[in-house]
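Happy to walk through this one with you. Let's take the labels one at a time and ask what stands behind each.

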Amino acid sequence: DDLPNWWLRQRLGLHPDVRPPFDTLLLLISWTLWKERNSRTFQGVVAGIEILYKAVVEEAEAWVEARFTTLAAVCPIWSQHSSLM
């Protein structure tokens, strides 16, 4: 199954209030993976899963600081868990 079809199926099962944060998280994670792919392809640098997770959390926090409000509810949760890694 491809990502767009998976995404649409998953969001149908979510409460409408949760869909915007879900959509934003999917975009944020995709953006982070895209940057990792470019880093591997063009610079030969490979990040571990812990580094990628922290990169997603840091990017989410930056988006919240920029007043992207759909992530405001999930960022504190992610930040707490990122300190465990």
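A residue counts as buried when its relative accessible area is under 20%, as exposed when that area is over 50%, and as partly exposed in between. The model discussed here is a predicted one.

Q: Why is threonine 32 called buried?
A: Its relative accessibility is 5%, and the cut-off for buried is under 20%, so threonine 32 counts as buried. You will find threonine 32 in helix 2.

Q: Which residues does threonine 32 touch, leaving aside those up to four places away in sequence?
A: Threonine 32 touches Leu52, Ala55 and Val56. There is also a C-alpha separation to look at: threonine 32 and glutamate 59 lie 27 residues apart along the chain, and their C-alpha atoms are separated by 8.2 Å.

Q: Which residues make the contact of helix 2 with helix 3?
A: Helix 2 contributes Thr24, Leu28, Ile29, Trp31, Thr32, Leu33, Lys35 and Glu36, while helix 3 contributes Leu52, Ala55, Val56, Glu59, Ala60 and Trp63. Sorted by class, the contact of helix 2 with helix 3 has nine nonpolar, two polar and three charged residues.

Q: Which residues make the contact of helix 1 with helix 2?
A: From helix 1 come Leu3, Trp6, Trp7, Gln10, Arg11 and Leu12, and from helix 2 come Arg19, Phe22, Asp23, Leu26 and Ser30. These residues divide into six nonpolar, two polar and three charged.

Q: How do you know that tryptophan 6 is partly exposed?
A: Its relative accessibility is 34%, which lies between the 20% and 50% cut-offs, so tryptophan 6 counts as partly exposed. Tryptophan 6 belongs to helix 1 (residues 3-12). Not counting residues up to four places away in sequence, tryptophan 6 touches Asp1, Phe22 and Leu26.

Q: What makes arginine 67 exposed?
A: Exposed means over 50%, and the relative accessibility of arginine 67 is 73%, so arginine 67 counts as exposed. Arginine 67 sits in the loop between helix 3 and helix 4 (75-82). Its phi is near 75°, a positive value in a residue other than glycine.

Q: How many helices and strands does the protein have?
A: There are four helices and zero strands, and from the N terminus on the elements run α-α-α-α.

Q: What share of the protein counts as buried?
A: Of the 85 residues, 22% count as buried. The protein exposes about 6,100 Å², with carbon and sulfur atoms supplying 63% of it.

Methods: Residues numbered from 1 in each chain as written. Predicted model: local features only at pLDDT ≥ 70, side-chain atom pairs only at ≥ 80, totals over all residues. Heavy atoms only, no water. Helix = DSSP H or I, 4+ residues; strand = E, 2+ residues; numbered from the N terminus. Buried < 20%, exposed > 50% of the residue type's maximum accessible area, 1.4 Å probe, protein only. Areas by Shrake-Rupley, 256 points an atom, 1.4 Å probe, with all protein chains shown as cover. Contact = heavy atoms within 4.5 Å. Nonpolar A, V, L, I, M, F, W, Y, C, P; charged D, E, K, R; others polar.
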